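Please view the structure first.

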Amino acid sequence: MLTYLPLPKPDELFYSILARYTLRCAVRGKAFHEIIFGDIPPSVAQVDLPRRLDLFESRVPACHPLSAANLLEDNTLFPLYAPFLPPVRAEELAADMKDAAQRSHADRKSTRLNSSHLGIS
């Protein structure tokens, strides 16, 4: 469980929140990943549409104001992409971003998580 996490600044991306955490706590690499996401194998960092928000929420103290829903709406680019997607696809994307389960690349519909494949440039 995280014992410290900086409060997000207005319109700050999740990636930036984690970057400030690494600077303030001097934690990097595998140790950082284990603190933030536990023993789940690392994945490629995605600045615009991060994944495993539910898992991150489970590691944040209950008294902290961050939640997966808040992160999705306030600290990712999801609200900017969603209006350009069919409603069903936007819901699937939101579910994939929150999904805490570690699934293989073959099982995951990765095109929903890759902005270059969303047809938005």
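Tyr-4 has a relative accessible area of 31% and is partly exposed, a class lying between buried (under 20%) and exposed (over 50%), computed with a 1.4 Å probe on protein chains only. Tyr-21, at 6%, is buried.

The model is predicted: local features need pLDDT of at least 70, side-chain atom pairs count only at pLDDT 80 or more, and totals for chains, interfaces and linings use all residues. Residues are numbered from 1 along each chain as its sequence is written, and side-chain values use heavy atoms, leaving out hydrogens and water.

**Aromatic pairs**

- Rings of Phe, Tyr and Trp (its six-membered ring) pair if their centres lie within 6.5 Å; planes under 30 degrees apart are stacked, over 60 edge-to-face, and the rest tilted.
- By this rule there are two aromatic pairs.
- Tyr-4 and Tyr-21 are stacked, at 6.3 Å centre to centre with 20° between the planes.
- Phe-14 and Phe-56 have ring centres 4.9 Å apart and planes at 75°, so this pair is edge-to-face.
- Phe-14 and Phe-56 are both buried.
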